[in-house]
Amino acid sequence: MTDLSAVKRSLASQAIETPSWAYGNSGTRFKVFAQPGVPRSPEEKIADAATVHKYTGVAPTVALHIPWDRVDDYGALTRYAEDLGVRIGAINTNVFQDDDYKLGSVTNPDPGIRRKATDHLLDAIGVMDATGSRDLKLWFSDGINYPGQDDLRERQDRLAAALRETYDRLGDEQRILLEYKLFEPAFYATDIPDWGTSYAHCVELGPKATVCIDTGHHAPGTNIEFIVAFLLRQNRLGAFDFNSRFYADDDLMVGAADPFQLFRIMYEIVRADALDPSYGIAFMLDQCHNIEQKIPAVIRSVMNVQEATAKALLVDRDALATAQRAGDVLEANAVLMDAYNTDVRPLLAEVRADAGLDPDPVGAYRRSGYQRRIEEERAEGAQAGWGA
Ligand SMILES: [Mn+2]
């Protein structure tokens with residue numbers, strides 16, 4: 001039997017990090033549709049993130065992206081966030097938007113460009129020192145489009161050298177989260193295409209380097225929960241970038257495309273007792289709300305993670321273990337599916353009510369008048385979320 005009060009405690013203490021870029025305008029290569037009320041500054045992105053936390057109670061940190069969220073005084077920005085009831089989370093680097101990076105950043109054949117890219121990573125650790133952030137998130141667009149374009153193995157050597165220099169600059173409490181992506185923008189070979197490549201570089205670097213699983217960065221049909229289980233066993237799972245994919249790196253709301261997959265992922269987390277923030281996994285969203293209203297979309301995404309988590313916590317692990325040991329295939333599957341098929345919305349409504357929150361976070365946001373206020377206040381000078 002599952003202990004319901006323990007489930008509620010776990011849900012109440014869950015922490016999901018939202019990304020600053022989710023609040024700004026975003027789009028595809030074809031068009032960015034501007035929305036009214038989007039933030040014009042890092043401070044306004046943080047204010048929107050604090051609003052999501054206010055209505056969900058489980059989104060206490062916001063990830064920043066440098067240079068999109070560059071400010072003169074990161075100490076002041078940190079205090080600004082704390083005054084609004086949130087903290088600065090992971091610092092995301094950007095070595096993909098400069099003309100110099102056409103042939104790669106840290107794997108570029110030109111040592112001068114590699115130096116520039118690595119310096120950006122080192123600068124980002126300086127930002128972390130000021131914000132008190134634990135995590136440096138590294139994603140590299142590096143790769144090649146044509147066979148023979150560059151030397152595959154030498155590019156790994158260049159990558160390893162840049163990662164080593166960055167790792168050695170980390171403080172005692174700081175970590176690298178090394179993300180991978182199968183393809184795009186490189187179409188023939190990406191320098192960190194999969195979790196195995198990321199994992200191998202992390203092992204080479206040391207214990208402060210861990211893998212970040214972006215749920216949208218896999219080939220169709222990839223068993224992501226297997227990757228989760230494997231990395232947990234190796235103590236190398238540092239973070240998730242949650243989102244949904246139908247076709248490629250679609251960055252849609254987590255749980256929208258495949259809520260069952262999200263449940264299976266969260267079950268592996270629960271199975272490893274790795275849900276509590278003290279375990280050290282950063283559960284982050286990495287999404288772009290191109291056509292839907294942004295703040296309620298982030299709230300909805302947080303709720304989707306909560307629902308998958310609640311179902312995972314409801315799995316009767318004793319009954320599952322018994323069925324598994326007995327080799328009872330159908331019963332083991334049924335135990336898992338019983339939990340998945342439970343409607344956990346009333347349970348989560350109780351958890352929110354217990355925390356003094358409205359049981360309906362999206363409804364509460366819509367009734368709050370916040371959207372109308374930001375559309376008026378930010379009528380002039382809205383900035384694109386994908387640029388500084
Ligand atoms: Mn990502």
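1. Overall size. A compact globule of 388 residues would have a radius of gyration near 21 Å, and this protein has 21 Å, so the two agree. The model is a predicted one. Taken along the principal axes, the C-alpha atoms fill a box of roughly 60 × 55 × 40 Å.

2. Burial and contacts. Of the 388 residues, 45% are buried.

3. Secondary structure. The protein has 14 helices and 10 strands. Eight strands form an open sheet with parallel pairing, in the order E1-E2-E3-E4-E6-E8-E9-E10. Strand E1 (18–19) and strand E10 (282–285) stand at the edges of this sheet; each has a single partner strand, so one side of each is left without a neighbour in the sheet.

4. Strand E2 (residues 61–65) and strand E3 (residues 87–92) run parallel and are joined by four bridges. His65 stands opposite Asn92 in E3. Helix H4 (residues 111–131) packs on the sheet, where it touches E3 and strand E4 (135–138). The direction of H4 makes about 175° with that of E3.

5. Helix H6 (residues 195–205) lies across two strands, E6 (175–179) and E8 (209–214). The angle between H6 and E8 is about 165°.

6. The nonpolar core. Which residues touch the most other members of the largest nonpolar core? They are Leu177, Leu178, Val211, Met284 and Val302, in a core of 98 residues. Helix H9 (residues 294–313) supplies the largest share of this core, with 11 residues.

7. Contacts of Val302. Leaving aside residues up to four places away in sequence, Val302 touches Ile16, Val52, Thr56, Val58 and Ala59. Val302 is also one of the core residues named above as touching the most other members.

8. The annotated span. UniProt, in an unreviewed entry, lists residues 72–249 under "domain: Xylose isomerase-like TIM barrel". In the model, this span is 39% helix and 17% strand. The C-alpha atoms at the ends of residues 72–249 lie 32 Å apart. The domain name comes from the UniProt record, whereas the open sheet of eight strands is computed from the model.

Technical notes:
Residues numbered from 1 in each chain as written. Predicted model: local features only at pLDDT ≥ 70, side-chain atom pairs only at ≥ 80, totals over all residues. Core = buried A, V, L, I, M, F, W, Y, C linked by C-beta atoms within 7 Å. Buried ≥ 20, exposed ≤ 12 C-beta atoms within 10 Å, placed from the backbone. Contact = placed C-beta atoms within 7 Å. Rg over C-alpha atoms; globule rule 2.2 N^0.38 Å. Pairing = 2+ DSSP bridges. Axes fitted to C-alpha atoms, helices over the stretch in contact; angles between N-to-C directions. UniProt positions renumbered as here; feature names shortened; annotations may be inferred.
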